[in-house]
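Please read it with the sequence and the structure side by side.

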Amino acid sequence: MFKLMKYEIKGRYKTTLGICLGILLVNAYVFIKTYSLPADQAYTAVIPVAFILIISSFVLSLIRGEKMYQRDLYGDTGYLMFTIPQKGVSIIGSKVLLSFIEFILFEALSVLSSLIIISRLPESELVMNLFNKYLALATKLTFSFMSVYLFALVLIFFSHSISKAALNKNKYSKPASALVFILLAYTIQKAYDFIALKMPYTINIVGAPVDQNFGNFSISIDLNIACTIFMVLIFIGIFMGASYLLEKKVDL
Amino acid sequence: MDTILKATDLRKNYLKKRALNGVNIELKKGKILGLLGPNGSGKTTFIKIAAGILRSTSGELLIDGQAPGVYTKSIVSYLPDVNYLFKWMRIKDAVDFFNDFYSDFSVEKSKSLLEFMKLNEDDKITSLSKGMLEKLNLALVLSREAKLYIFDEPLGGVDPATRDIIIDAIIKNCNEDTSMIITTHLVRDIERLFDDVAFIFDGEIIIKGDAEELRTKSGKSIDELFREAYQNV
Amino acid sequence: MRGDTSVEFEGNIPIYIQIMDMIKRDIITKKIKEGDKLPSVREMADNLKVNPNTIQRVYQELEREGVTFTQRGMGTFITKDKKVILSLKSEMAKEVIISFIDGIESLGFNEEEIIDTIADYMKRREK
């Protein structure tokens, strides 16, 4: 699997670095334009940009991740990728992992560069305090965000696997995969809500105490046990399903 | 195992078409089979099933006793009819790739083959002509010590000089353990390589047998038999 | 034997037979001498640009006919038996003669005329 990642990286690292550079340049530009502005004006520029970067990174990574798979599934490189003696889990795993790493990279750059700008702006301590107050929420959001990304990615791969296996033709299988994705996403969401309703037992996870300039506190998160188990199982199922379909059922 | 590949009543159906309609082929170890037929006859379908990138609808295909899967991919060296290398690669990258994923790949052999083909390992894939790409793909495939080589139209779209080089490289690679399946519609140049031949039309095998026997019995070359067969159907 | 460019083969006669004939002709014309070692199967296949299995068959058939013999680990050699070589010569000559006689008879020559014409022609050739 890591050998596969090596070659994926070799082929795309330039674009990835380019995007990283782009993120930094955007924030550099924002910084230049705002550091001399009064607080309220500055923040109305910086915060939205930060959000745009965060959302764009999500979308862009997802699209690039999808392309990694699509390219081999529908293009000539499939003849190379799918004739090497690698198991489906290895092939899909390498793409999912790489895409996830790129996602983390982009998000980290977006968030950190935005934070750096914020820390240089007037009244940044206020913002930092606010941030720390809601650190638990922010952590929960971050983990949710990452889980959603992984889940969406694997679901996309599965949708492509199943529609390519069922309908070989390019014309129909690509829109079919979108359909499958939407259907599955909806169904899973509904199942999740149902489980959350019927089995509202949560577990409280306490993180290690974090020492900040602003005081001691620890992060605690409430997780619904049943839902989490459900999501983990579904995730594994979709991942294995996509891999199995690729290895045994897909025609090039 | 004496038989390297055995197809029994192999079928592949699509919505509107029957690509393979009950194909029976047996290839013994150390032999070269010429799978001949016009475009659309089912040769590439058969090849792709053997390569493990297409699933049969019914019937059985066993390579070294196993159905196509991860194991067979490790013993089958497949040369497809497309340019399947990544555009960002240099020849050197392609060699590394093959070396990384195939345990039977010999870097030494690849170097000598690349030299034979007059290819430079620093060249970018995108800078190569069609003929050079064909030679490169062949060099990579032949640098593996595979149990079964499958060449899908290895002579297609290249000039006669390159064809000779390709045929030469294939011959140099033959030994008593190598088995090969070669599909082509350019029969004349390559028929001297075949131990066995099988003519396929509309997904069915219409003639098959030992190449020399067919020549003796009919008094014709395989190429002539081929033309005749397809004029009659 | 031959180390040059690709030999053209007739497609309608089995290739192994054509190669056997080639070798026999070389023996008769002394290009290969009795006791000479033939190239390995691989070498021959490379030189003639044919399937090594074909050469394998050639060597097997030649051995079966007694034209060659194999020494384990050393290779395939032309027989030293002069009788075999002589009979090869007459065998190959026979085929040429048969097609010649057929051809010349169809032109209306009888036996005497054939012999006379040949003797005459051979005398003139010497000059």
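In what order do the six strands of the open sheet of chain B follow one another, and with what pairing? The order is β5-β6-β7-β3-β8-β9 in chain B, and the pairing is mixed; two strands count as paired if DSSP finds at least two bridges between them, and helices (H or I, at least four residues) and strands (E, at least two) are DSSP runs numbered from the N terminus.

This is a predicted model, in which local features need pLDDT of at least 70 and side-chain atom pairs count only at pLDDT 80 or more, whereas totals for chains, interfaces and linings use all residues. Residues are numbered from 1 along each chain as its sequence is written, chains are lettered from A and ligands numbered from 1 in the order in which they are written, and side-chain values use heavy atoms, with hydrogens and water left out.

## The sheets of chain B

Helix α1 (residues 43–51) of chain B lies across β3, β5, β6 (148–152), β7 and β8 (196–201) of chain B, and runs at about 150° to β7(B). Helix α9 (residues 222–232) of chain B lies across β3, β8 and β9 of chain B, at about 20° to β8(B).

A further open sheet of chain B has three strands in the order β2-β1-β4, with antiparallel pairing. Here β2 (18–28) and β4 (58–63) of chain B are the edge strands, each with a single partner strand, so one side of each is left without a neighbour in the sheet. Strand β1 (residues 3–13) of chain B pairs with β4(B) in the antiparallel sense over five bridges, and Thr8(B) stands opposite Glu60(B) in β4(B). Helix α1(B) also lies across β1, β2 and β4 of chain B, running at about 120° to β1(B).

## How the chains meet

Of the two pairs of chains in contact, chains A and B share the most contacts, contact meaning heavy atoms within 4.5 Å. Chain A and chain C do not touch, and their nearest C-alpha atoms are 27 Å apart. The two interfaces are set out below; buried area is the accessible area (1.4 Å probe) that two parts lose on being put together, summed over both.

| Chains | Residues in contact | Buried area | Share on carbon and sulfur |
|---|---|---|---|
| A and B | 27 residues from chain A, 26 residues from chain B | about 2,500 Å² | 64% |
| C and B | 21 residues of chain C, 23 residues of chain B | about 1,600 Å² | 44% |

On the side of chain A, Tyr7(A), Tyr79(A) and Leu80(A) supply 28% of the area that chain A buries against chain B, more than any other three residues. Chains A and B are joined by four salt bridges, a salt bridge being a side-chain nitrogen of Lys or Arg within 4 Å of a carboxyl oxygen of Asp or Glu. One salt bridge links the side chains of Lys12(B) and Asp251(A) (2.7 Å, N to O).

In chain C, Asn12(C), Lys49(C) and Asn51(C) lose the most area to chain B, together 31% of what that side buries. The count between chain C and chain B is two salt bridges; Asp210(B) forms a salt bridge with Arg57(C), with the closest N and O atoms 3.9 Å apart. The elements giving two or more residues to the side of chain C that touches chain B are α1 (15–28), α2 (41–48) and α3 (52–64) of chain C.

Notes:
Axes fitted to C-alpha atoms, helices over the stretch in contact; angles between N-to-C directions.
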